[in-house]
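Dear colleague,

I am handing over the structure we spoke about, with the sequence alongside.

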Amino acid sequence: MEDTNGKRGLFDRLKKGLSKTRKLLLTDVDDIILGSKQIDQALFDELEEALVVADVGPVFAGELIESLREKVQRKELSAPGILRNALRETMQEILLKNESPLQIPSDGVYTIMVVGVNGSGKTTTIGKLAHNFKKEKHSVAVVAADTFRAAAVEQLELWSRRAGARLIKQAPNADPTAVVFDAMQSAKTRKSEIFIIDTAGRLHTKTNLMEELKKMKRIMGREIPGAPHEILLVLDATTGQNAIAQARMFKDEIGVTGLALTKLDGTAKGGVVVRIAKELGIPLRFIGIGEQMDDLRPFRAREFVDALFETNG
Ligand SMILES: Nc1nc2c(ncn2[C@@H]2O[C@H](COP(=O)(O)OP(=O)(O)O)[C@@H](O)[C@H]2O)c(=O)[nH]1
Ligand SMILES: [Mg+2]
């Protein structure tokens with residue numbers, strides 16, 4: 001029997017989730033390397049272009065190539081064949097510097113405010129997060145502060161049931177800040193629980209949305225010292241440059257302490273993980289690789305690079 005939830009099973013799932021990016025990156029890089037007899041400027045130029053196509057961004061691509069060039073100069077690299085491994089190692093080194101998983105204290109109340117535009121995957125990510133936290137034996141409450149659409153509350157309710165998390169909600173169209181206030185009152189009575197707050201993401205009323213989010217944030221901090229402990233911005237990886245623009249906006253308006261990048265399974269431009277970490281300087285906490293409950297993972301540089309580059313299987 002295949003162990004789909006064991007370490008290997010989870011890794012294979014990640015690999016499968018990243019298969020579009022793997023295909024693009026590996027095929028291109030291998031074609032370039034196999035077609036080259038020596039390491040020269042032309043080879044570096046081609047590699048850099050392949051990396052940019054995979055959306056790692058020009059900054060990171062440039063840095064990677066520079067680092068490879070230094071290795072060649074130090075004679076650590078002599079033939080194109082070993083370049084692939086060097087690329088993998090260098091990518092890992094750079095990403096490790098950006099690795100910063102969410103650390104949740106085992107005791108006390110911990111609050112996560114989840115923000116992002118409609119459709120980016122907030123509610124789904126909250127469901128998966130709740131599931132993960134429950135597996136780690138935390139108490140979890142999800143808070144339906146996206147009250148704008150009735151369907152949004154129902155969707156969260158469904159996920160709360162799947163994950164076995166408590167749901168805090170009010171009547172449809174309730175004031176979202178009132179829901180948050182409610183949740184914080186509940187938090188005051190708990191010794192130890194993670195509160196995950198779902199919020200609206202309608203962008204056509206941007207100013208109102210940002211004001212509403214700021215108000216929620218203020219109320220949380222007023223009721224529970226240190227809250228929100230994390231402001232997690234959810235970004236859709238398939239939107240590329242747009243995701244970066246959104247991140248800048250949310251960062252400037254309300255402050256963002258961590259990122260979740262969803263739908264990596266839907267894009268060949270998974271290099272955007274790297275780009276976002278690099279260009280925004282916000283820790284990448286989680287990556288989403290599918291629609292199921294187990295399809296959210298803490299971002300780990302080594303695992304991510306291994307899943308991108310491992311060829312057997
Ligand atoms: N393939 C894939 N789909 C996802 C992922 N995360 C979310 N989705 C889908 O994206 C759509 C929008 O998600 P939702 O959570 O409702 O977004 P919200 O409007 O930000 O709350 C839904 O159909 C989700 O199933 C992911 O990692 N991979
Ligand atoms: Mg939603």
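The centres of domain 1 and domain 2, taken over C-alpha atoms, are separated by 33 Å. Please keep in mind throughout that this is a predicted model, and that the values in this message were computed from it. The domain assignment of the chain places domain 1 at residues 7–96 and domain 2 at residues 109–300. Where the two meet, 20 residues of domain 1 are in contact with 21 residues of domain 2. The size of an interface is often given as the accessible area lost when the parts come together. Here domain 1 and domain 2 bury about 1800 Å² between them, with 60% of that area on carbon and sulfur atoms.

The nonpolar cores come next. The largest nonpolar core has 81 residues, and M91 and F250 are the ones with the most contacts inside it. Because domain 1 and domain 2 both give residues to this core, it lies between them. Apart from it there is another core, of 23 residues, which includes V114, A130, F133 and V142. As for F250, if residues up to four places away in sequence are not counted, this residue touches V115, G116, V117, M210, L213, L233, G255 and V256.

Which residues of α4 are buried? They are F60, A61, L64, I65, S67, L68 and K71. These residues cover an arc of only 160 degrees around the axis, and therefore they sit on the same side of α4. The face turned away from that buried side carries the exposed residues P58 and Q73. On the buried side, the partners against which the residues of α4 pack are α3 (41–53), α5 (83–96) and α11 (272–280).

The other helix is α8, residues 176–188, whose 13 residues should span 18 Å at 1.5 Å a residue; its end C-alpha atoms are 19 Å apart, which agrees. The buried residues in α8 are P176, T177, V179, V180, A183, M184, S186 and A187. What these residues pack against is a set of strands, β1 (109–115), β2 (140–144), β3 (166–168) and β4 (193–198), together with helix α9 (206–223).

Some details of the backbone may also be of use to you. Most residues other than glycine have a negative phi, and most peptide bonds are trans. K75, although it is not a glycine, has a positive phi of about 65 degrees, and its place is just after α4, in the loop between α4 and α5. With a relative accessible area of 72%, K75 is exposed, since the cut-off for that class is over 50%. K263 is another residue other than glycine with a positive phi, near 65 degrees, and it lies in the loop between β6 (258–262) and α11. At 33% relative accessibility, however, K263 counts as partly exposed. The peptide bond that joins A227 and P228 is cis, with omega about -10 degrees, and P228 is placed in the loop between α9 and β5 (230–236).

Not counting residues up to four places away in sequence, T267 touches K20, T21, A237 and T238.

H138 is found in the loop between α6 (122–135) and β2, and with a relative accessible area of 16% this residue is buried as well. Leaving aside its neighbours within four places in sequence, H138 is in contact with I104, P105, S106, F133 and I194. The C-alpha atoms of H138 and A54, which are 84 residues apart along the chain, are separated by 37 Å.

With best wishes

Notes: Residues numbered from 1 in each chain as written. Chains lettered and ligands numbered in written order. Predicted model: local features only at pLDDT ≥ 70, side-chain atom pairs only at ≥ 80, totals over all residues. Heavy atoms only, no water. Core = buried A, V, L, I, M, F, W, Y, C linked by side-chain atoms within 4.5 Å. Buried < 20%, exposed > 50% of the residue type's maximum accessible area, 1.4 Å probe, protein only. Domains from an automatic or database assignment. Contact = heavy atoms within 4.5 Å. Helix = DSSP H or I, 4+ residues; strand = E, 2+ residues; numbered from the N terminus. Arc of directions from axis to C-beta. Expected span 1.5 Å × (residues − 1). Buried area = accessible area lost by both parts, 1.4 Å probe.
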